[in-house]
Amino acid sequence: MPELLLAIDAGTTTARAALFTPAGTMIAVSRAALTTRSPAPGVMEQDPRSVWRAVRRTMFTALEAAGRSLADVGAIGVTSQRASAMLWDKKTGRPLTPLVLWNDLRGVARAGELRAEGFMLAPQQSAAKLEAVLEATPEARPLLAGGDLAFGNIDSFLIFKLSGGAYVTDASQAWPSGYLDLGSLGWNAALIAHQGLDERMFPRLVDTFGPIALTDRSVLGAAVPVTADIADQQGALIAHGGGEIGGMAKITYGTSATLDVATGADLIFKSLAIPPFILSSVAGKTLFCLEGMVISAGAALDWLRRAARMGGHARFEALAACVDSAGGAAFLPSLSGLGAPAPDPGRTGSLTGLTPSVGPAHLARAGMEGVAHRVREVFDHLFEMADLTRPAAPGVDGGMTASDSFLQIQADILGRPIRRHAVREATACGAAICAGRGAGLITPADAAAFVRYDRTYEPHISPHESDARHHAWRTAVGARPSHDG
């Protein structure tokens, strides 16, 4: 009987396919870089055809690396970046628009207008951008009128392509779009009508895990059940054990750095800066989490590395590791606006404290420290705002966790130990867990085997020094008080 779990993870900068056993062992992973275009300030787009090709290629490459085939796969789980938006033709599957990414800022003004009209939306959400995307695509209007226009996040498009036409999404993916009505867990008819849209252009809502679709033999060469669709950050939280019991916290470091804290069945909403998200929704049972995001994390370090001509990732880390301070330099990582706890889409990044004694190594360390300080800002605000117990040792995952130097800096600045997930691709790990549960290949108890840590980083400085360094950084970059507006 096929029992392997294939996770597809379409992130912002990388597409991945990872193969897991039901015991939680990742036996192969394949990655492909994704290219983002920025034809104008604040505009962030990808070619959805390119994303699909990358996903398909990584699936077969991972299977080949493991010496397996699709005949060995019992279930597929899909996870992806959230709040992206694209339009395509339901009949042909042809994309009509680029994939507008979550960190695209074209919706800033419209989000403010919609908030004034009673719809509480953030600029990153699809609902703030879809009208502009539709307006720029004249050929979409006839399809909209005929019920043949499809709108979705990249998860919906990928499942559509995998299955040869299944048009679906789950609540964890739908909630960040801004179009989900939390009361009914259906599409928000009032917002759809307000924007002059048609509910037929929205995908069918399905459970986060369970029977969703079958892959099309003409597409992949085999019919494999797709049994999970989950947003990337929520998938990572599940990989850390987040679920029905609240309190589990994780930080995922990728393009962004995202702190998520499970709240179980409790919906906690006290701040627009730290909004609630749907963790999963299955058979009428919905679980929630709180989330705070540092919008530019890995993306900011990549920019700094390239701008200062510091070479590749290995050299960047080596530079940061060879000094014990940033030499007075301070970096604010804000390339696409500032996220929690004081959202400001117009805030730009900064590098301050430059003197003749500051060299490349200090700049590299300042970059890492800047991301770590921003994470601490989000961490402190979330737990103070929600009145939740701070975890003794939050879990961490994502590409940046390959850097021991960065994780030691983060533990020092956070002032508490952090535990690194044994699988850096925790988003894919969470998708595999959900796929296994959706196919009946693993139980909730079995899922615990996927939650493994390979190292704990203890703070090397005192809490007093950690607080002092954080205060000094906030002063240097001109940090603003957080607000709940």
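I am working on a predicted model, where local features need pLDDT of at least 70, side-chain atom pairs count only at pLDDT 80 or more, and totals for chains, interfaces and linings use all residues. Residues are numbered from 1 along each chain as its sequence is written, and side-chain values use heavy atoms, with hydrogens and water left out.

**Entry: the partner of Glu377**

I asked which side chain meets Glu377 in a salt bridge. It is Arg474, at 2.1 Å from N to O (a salt bridge is a side-chain nitrogen of Lys or Arg within 4 Å of a carboxyl oxygen of Asp or Glu). Glu377 lies in helix H12 and Arg474 in helix H16, so the pair ties together parts that are 97 residues apart in sequence. I noted the definition of these elements: helices (H or I, at least four residues) and strands (E, at least two) are DSSP runs, numbered from the N terminus. Arg474 counts as partly exposed, at 25% relative accessibility.

**Entry: a second pair between H12 and H16**

I then found Arg376 and Asp467, whose side chains meet in a salt bridge of 2.6 Å, N to O. This pair also links distant parts of the chain: Arg376 is in H12, Asp467 is in H16 (residues 463-477), and 91 residues separate them. Arg376 is buried, at 10% relative accessible area. Asp467 is partly exposed, at 41%.

**Entry: how H12 and H16 pack**

At what angle do H12 and H16 pack? I read about 105°, with the axes 11 Å apart (axes are lines fitted to C-alpha atoms, for helices over the stretch in contact, and angles run from 0 to 180 degrees between N-to-C directions). That makes H12 roughly perpendicular to H16 (angles under 35 degrees count as roughly parallel, over 145 as roughly antiparallel, 65 to 115 as roughly perpendicular and the rest as oblique). I listed the residues that meet: Gly370, His373, Arg374, Arg376 and Glu377 from H12, against Ser466, Asp467, Arg469, His470, Trp473 and Arg474 from H16 (contact means heavy atoms within 4.5 Å).

**Entry: one more salt bridge**

A search of the whole structure gave me 29 salt bridges. One I looked up joins Arg424 to Asp454, with the closest N and O atoms 2.9 Å apart. Arg424 sits in the loop between E22 and H14, and Asp454 in strand E23, 30 residues apart. Both count as partly exposed: Arg424 at 24% and Asp454 at 38%.

**Entry: the sheet**

I followed the strand order of an open sheet of 7 strands: E17-E18-E16-E15-E21-E22-E23, with mixed pairing (two strands pair if DSSP finds at least two bridges between them). Strands E17 (276-282) and E23 (453-457) stand at the edges with a single partner strand each, so one side of each has no neighbour in the sheet. Neighbouring strands are turned by 30° against each other on average, direction ignored.

H12 (residues 360-386) came up again here. It lies across E15, E16 and E18, at about 135° to E18. Helix H9 (residues 232-239) lies across E15, E16, E17, E18, E21 and E22, at about 65° to E16.

**Entry: strand E15**

Is E15 mostly covered or mostly open? It is mostly covered, as 5 of its 5 residues are buried. Ala249, Ile251 and Tyr253 point one way, Lys250 and Thr252 the other. E15 runs antiparallel to E16, joined by 5 bridges, and the two form a hairpin with 3 residues between them. Lys250 stands opposite Asp260 in E16. With E21, E15 pairs in the parallel sense over 3 bridges. There, Ile251 has Val396 as its bridge partner.

I checked E16 (residues 257-264) on E18 (residues 285-294) as well: they run antiparallel, joined by 7 bridges. Leu259 stands opposite Gly292 in E18.

**Entry: the cores**

Last, I looked up the largest nonpolar core, which has 103 residues (a nonpolar core is a set of buried Ala, Val, Leu, Ile, Met, Phe, Trp, Tyr and Cys residues joined through side-chain atoms within 4.5 Å). Leu87 and Tyr179 have the most contacts inside it. Helix H14 (residues 426-438) gives the most to this core, with 8 residues. A second, separate core has 49 residues, including Val261, Ile274, Ala297 and Phe331.

Definitions and conventions: Buried means under 20% relative accessible area, exposed over 50%, partly exposed in between (1.4 Å probe, protein chains only).
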